[in-house]
Amino acid sequence: MGAVVKYIGSKRALLPWIEDVVGRIAAIDPLREAVDLFSGSARVGHALKRMGLRVTANDLYAYAVTLARALVEADALSYPKERLEPILARLQALEGRAGWFTRTYCQASRYFQPHNGAKIEAIREAIELESAGDEHLRAILLCSLLLAADRVDSTTGIQMAYLKRWAPRSYHRLTLTYPPLLPGAGRAIQGDALEIAPQLEADLFYLDPPYNQHSYLGNYHLWETLVRWDKPATYGVARKRADVREHKSPFNSKRRAKGAMEKLLGSLRSKHLLLSFNNEGFLSMAELKALLKDWGYVICLERPYRRYVGARIGIYNPQGQKVGRVSHTENREFLFVATQSKRVQQALLTLAR
Ligand SMILES: C[S@@+](CC[C@H](N)C(=O)[O-])C[C@H]1O[C@@H](n2cnc3c(N)ncnc32)[C@H](O)[C@@H]1O
């Protein structure tokens, strides 16, 4: 999937690895249903759907669930290009309308150039009318707008800050495109993984929880606001939503992450489980292995991975001077497989060597 939002912790580069492992499991024990419990940009759920699985995607936040509603839940056969393109063309042709969004994110802060901000605003207002109560159409149009906005933003990929100088891509014109929808049905739900997991059952669960203290709502507050369109009170230079302060996932807490993982694993009803983590997270490889052992046969796969772009660019002060040193630009990415099937474990052991 080419067109997906920039998302920290996203499994874009690791997708072929995940697909390969799922393919190997399916070759031994055919898979029908999968759950992507922390779906984020929805790219893993999308890849699993493309592999022919019926996917349920879940995330805490409205922007992530909207992406999943378009990319996992909606059926491309009901929303083909021929049907969507006239709508996208109408939205694209709207005159920009500078209001609250443009003032907040293009003037008081600098996430988008004002001409794109005003365009985003006009399109966002019109989406409610165009979708006329059709939740899938609404999600598809919002997904198209989010992807278009992401292509002309002026950040390093997270919204904790914006660049001091406009990013070259921010000069481009915001352009709506047809999102990479897939045929077939799926499901998108919004909830806390710990509460939702016991209600679900599937052949395979994919778990990709946050690894550290950085809250996804804080990192992607602007996408949440764009989707909810609730003009929230904002604070600080980054103009984050006020509710960023209140929302904390237990997986963002060093003290609570282990207990949360233990509770989650204890509640899963599935034959196979894939868990992504890395060596910079709150839980060590040994701790995760110990937690998973009670669940089934465990295989731990590992790869080097380039850290997020901000870590590679460097650390700067507000004057644009380089101030800190980035300790390293690569980390180790883990993919744990836990399975009830000894045959699956045997088949995957060759990958672990
Ligand atoms: C590492 S990211 C997932 C990235 C995703 N696999 C991708 O490729 O884009 C973790 C996700 O978990 C979500 N999240 C955090 N706490 C959660 C919770 N308690 N329940 C459900 N989702 C949660 C965050 O909003 C974030 O999207």
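Predicted model: local features only at pLDDT ≥ 70, side-chain atom pairs only at ≥ 80, totals over all residues.
Residues are numbered from 1 along each chain as its sequence is written, and side-chain values use heavy atoms, with hydrogens and water left out.

The ligand comes first. Around it stand 22 residues, of which Y7, S41, D59, D208 and S249 come nearest; a residue is near a molecule if one of its heavy atoms lies within 4 Å of it. By class, this shell holds nine nonpolar, eight polar and five charged residues. Here Ala, Val, Leu, Ile, Met, Phe, Trp, Tyr, Cys and Pro count as nonpolar, Asp, Glu, Lys and Arg as charged, and the others, Gly among them, as polar. Helix α2 (43-50) and strand β2 (54-59) each supply at least two residues of the shell. Helices (H or I, at least four residues) and strands (E, at least two) are DSSP runs, numbered from the N terminus.

A nitrogen atom of the ligand is 2.8 Å from a polar backbone atom of A193. Taken alone the ligand exposes 600 Å², and the protein buries 99% of that; accessible areas come from the Shrake-Rupley method with a 1.4 Å probe.

The next topic is charge pairing. Side chains of opposite charge can pair when their charged atoms come close. A salt bridge is taken as a side-chain nitrogen of Lys or Arg within 4 Å of a carboxyl oxygen of Asp or Glu, and by this rule the count comes to 22. One of them joins E19 and R50, with the closest N and O atoms 2.7 Å apart. This pair links distant parts of the chain, since E19 lies in helix α1 (residues 15-28) and R50 in helix α2, 31 residues apart. E19 is partly exposed at 22% relative accessibility, and R50 is partly exposed at 42%. Buried means under 20% relative accessible area, exposed over 50%, and partly exposed in between (1.4 Å probe, protein chains only).

Salt bridges that share partners join E224, R228, D230, R241 and D243 into one network. Within it, R228 and D230 pair at 3.5 Å between the closest N and O atoms. R228 is partly exposed at 38%, as is D230 at 32%.

Two single residues remain. T102 lies in helix α5 (residues 100-107) and is buried, at 2% relative accessibility. Its side chain reaches the backbone nitrogen of A118 at 3.4 Å. Not counting residues up to four places away in sequence, T102 touches R97, Q107, P114, G117, A118 and E121, where contact means heavy atoms within 4.5 Å.

P168 lies in the loop between α7 (135-151) and β3 (187-190). At 67% relative accessibility, P168 is exposed. From P168 to G281 there are 113 residues in sequence and 33 Å in space, C-alpha to C-alpha.

Definitions and conventions:
Polar contact = N/O pair within 3.5 Å; in protein donor to acceptor, adjacent residues only side chain to side chain.
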